[in-house]
Amino acid sequence: MVSPVTVVKSEGPKLVPFFKATCVYFVLWLPTSSPSWFSALIKCLPIFCLWMFLLAHGFSFLGAHSSARKILAGLIFSALGDAFLIWQEQGYFVHGLLMFAITHILYSSAFGMKPINMRAGLVITAVSSLSYMLLYPYLSGPFTYLVAVYIALIGFMGWRAIAGLQLTNDLWTWTKLSACLGAMLFMVSDLTIAVNKFCFPVPHSRAIIMATYYAAQMLIALSAVECQDVEVARKRT
């Protein structure tokens, strides 16, 4: 198994642009009441940097590993979703919802269906059901079923990420842990969005949403480099 020190040394420099772009977003903190292409660019910039992070591993790496390609595609749809949500008050919230729904399908496919881990599936099903029960009284019109479908998709993605983490044996890797933590943070971010939009104002909602979102995307992007790190470790042993 690749050590955390090796991971930091090999992947850390490639993530510097992402951390800088994230700092720019939080420092500028552009008002959401005045959407613009500039604010969309600043919001999407950290995700663009994660595109470059994966591309920095080489086209041959992406060509050889379908999971990495799917995560890259998910990041592309995430950026589109971010851009649409800049104009959510102008009627583009559903468009953003659709982009992120596609993202979760791609991430689920990248994480795979083995192992099944029904216990994790039951826990996620319970959490997803409770989340929808919380939101349901505040939903109306098409959002009644759109939110249900979205919760099912992100819950499925979370299940597949958590299922891959087997801490009771030696099969787990740091990238599986990264995928698991990333999926959970993504669920926290999206639940905060839903509660803040449909139920009641959440204090410091924007900071919570964006901090957990950027962290989630970074961790999921990191989970894509597992195959390359395993190859590097084998060469060193």
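Tutor: We can start with the pocket: α8 gives the most to the lining of the largest pocket, with 12 residues. Bear in mind throughout that this is a predicted model.

Student: How should I read a pocket, and what is the volume of the largest pocket?

Tutor: Rolling a probe the size of a water molecule over the atoms shows where empty space is left. Here the largest pocket has a volume of about 980 Å³. It is lined by 43 residues, and those closest to its centre are L85, Q88, S189, I193 and I209.

Student: Which elements give two or more residues to the lining of the largest pocket?

Tutor: They are α2 (37-55), α4 (66-86), α5 (93-111), α6, α7, α8 (174-199) and α9 (205-223).

Student: How many residues of each class does the lining of the largest pocket have?

Tutor: Sorted by class, the lining has 27 nonpolar, 10 polar and 6 charged residues.

Student: Next, helix packing. What is the angle between α6 and α7?

Tutor: Helix α6 (residues 118-135) packs on helix α7 (residues 143-163) at an angle of about 155°, and their axes are 9 Å apart. Angles over 145 degrees count as roughly antiparallel, so α6 is roughly antiparallel to α7. The crossing of α6 past α7 is right-handed.

Student: Which residues of α6 and α7 make the contact?

Tutor: From α6 come M118, A120, G121, I124, S128, S131, Y132 and L135, while α7 supplies T144, V147, A148, I151, G155, G158, W159 and I162. By class, this contact of α6 with α7 has 10 nonpolar and 6 polar residues, with no charged residues.

Student: At what angle do the axes of α6 and α8 cross?

Tutor: They cross at roughly 15° and come within 10 Å. Angles under 35 degrees count as roughly parallel, and α6 and α8 are therefore roughly parallel to each other. Their crossing is right-handed. On the α6 side the contact is made by I124, S131, L134 and L135, and on the α8 side by M187, L191, A194, V195 and C199. The class count for α6 with α8 is 8 nonpolar, 1 polar and no charged residues.

Student: Is the crossing of α4 and α9 left-handed or right-handed?

Tutor: The crossing of α4 and α9 is left-handed. Their axes come within 10 Å and cross at roughly 160°; α4 and α9 are therefore roughly antiparallel to each other. I71, L75, S78 and D82 of α4 meet Y213, Q217, I220, A221 and S223 of α9. This contact of α4 with α9 has 5 nonpolar, 3 polar and 1 charged residues.

Definitions and conventions. Residues numbered from 1 in each chain as written. Predicted model: local features only at pLDDT ≥ 70, side-chain atom pairs only at ≥ 80, totals over all residues. Heavy atoms only, no water. Axes fitted to C-alpha atoms, helices over the stretch in contact; angles between N-to-C directions. Helix = DSSP H or I, 4+ residues; strand = E, 2+ residues; numbered from the N terminus. Parallel < 35°, antiparallel > 145°, perpendicular 65-115°, else oblique. Left-handed = near helix turned anticlockwise from the far one by under 90°. Contact = heavy atoms within 4.5 Å. Nonpolar A, V, L, I, M, F, W, Y, C, P; charged D, E, K, R; others polar. 1 Å grid on protein atoms, 1.4 Å probe; cavity = no way out; pocket = protein on both sides within 12 Å on 5 of 7 lines; lining within 4 Å. Points joined across faces, edges and corners; volume = space filled by probe spheres on them.
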